[in-house]
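Please load the model in your viewer and keep the sequence panel open beside it. The tour below moves from one selection to the next and says what is found at each stop.

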Amino acid sequence: MLDAIQQQYLNLADVLLQQRYAITLKDTGYDGLEWLARFGDQPVEDAVTEYAAKYDLIPTSTVCQY
């Protein structure tokens, strides 16, 4: 069971993933507990950046420039 702080962390990770890379936490293939086990010791922004680097994700701001 997730506590309130863990749920907040996951919610923020989901928002950042959607804003920056147009994917959801579910799209990463990690469930909440797996994400926390892998990235939960890092600030959420660092965790999202590390995940994106691992999978060579391109930020949406780079893709959508006109």
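This is a predicted model: local features need pLDDT of at least 70, side-chain atom pairs count only at pLDDT 80 or more; totals for chains, interfaces and linings use all residues.

Residues are numbered from 1 along each chain as its sequence is written, and side-chain values use heavy atoms, with hydrogens and water left out.

**Stop 1: the loop**

Select Leu25, which sits in the loop between α1 (4–21) and α2 (32–39); helices here are DSSP runs of H or I with at least four residues, numbered from the N terminus. Leu25 is buried, with a relative accessible area of 10%, where buried means under 20% relative accessible area and exposed over 50%, computed with a 1.4 Å probe on protein chains only. Leaving aside neighbours within four places in sequence, Leu25 is in contact with Leu10, Asp14, Leu17, Tyr30 and Trp35, contact being heavy atoms within 4.5 Å.

Next select Thr28, in the loop between α1 and α2, which counts as buried at 11% relative accessibility. The side chain of Thr28 reaches the backbone oxygen of Leu25 at 2.5 Å. Beyond its neighbours within four places in sequence, Thr28 is in contact with Leu17, Ile23, Trp35 and Tyr51.

**Stop 2: α2**

Move to Asp31, which caps the N-terminal end of α2, with a side-chain oxygen 3.1 Å from the backbone nitrogen of Leu33. Then colour Gly32, Trp35, Leu36 and Phe39, which are buried in α2. These residues lie on the same side of α2 because they cover an arc of only 95° around the axis, the arc being that of the directions from the helix axis to the C-beta atoms. Which exposed residues does the face of α2 turned away from its buried side carry? That face carries Leu33 and Ala37, whereas the cover over the buried residues of α2 includes α1 and α3 (44–54).

**Stop 3: α3**

Finally, select Val44, Ala47, Val48, Tyr51 and Ala52, the buried residues of α3. Looking down the axis of α3, you will find them within an arc of 130°, so they line one face of the helix. The buried residues of α3 pack against α1 and α2.

How values were computed. Helices (H or I, at least four residues) and strands (E, at least two) are DSSP runs, numbered from the N terminus. A polar contact is a pair of N or O atoms within 3.5 Å; within protein, one must be able to donate a hydrogen and the other to accept it, and residues adjacent in sequence count only if both atoms are side-chain atoms.
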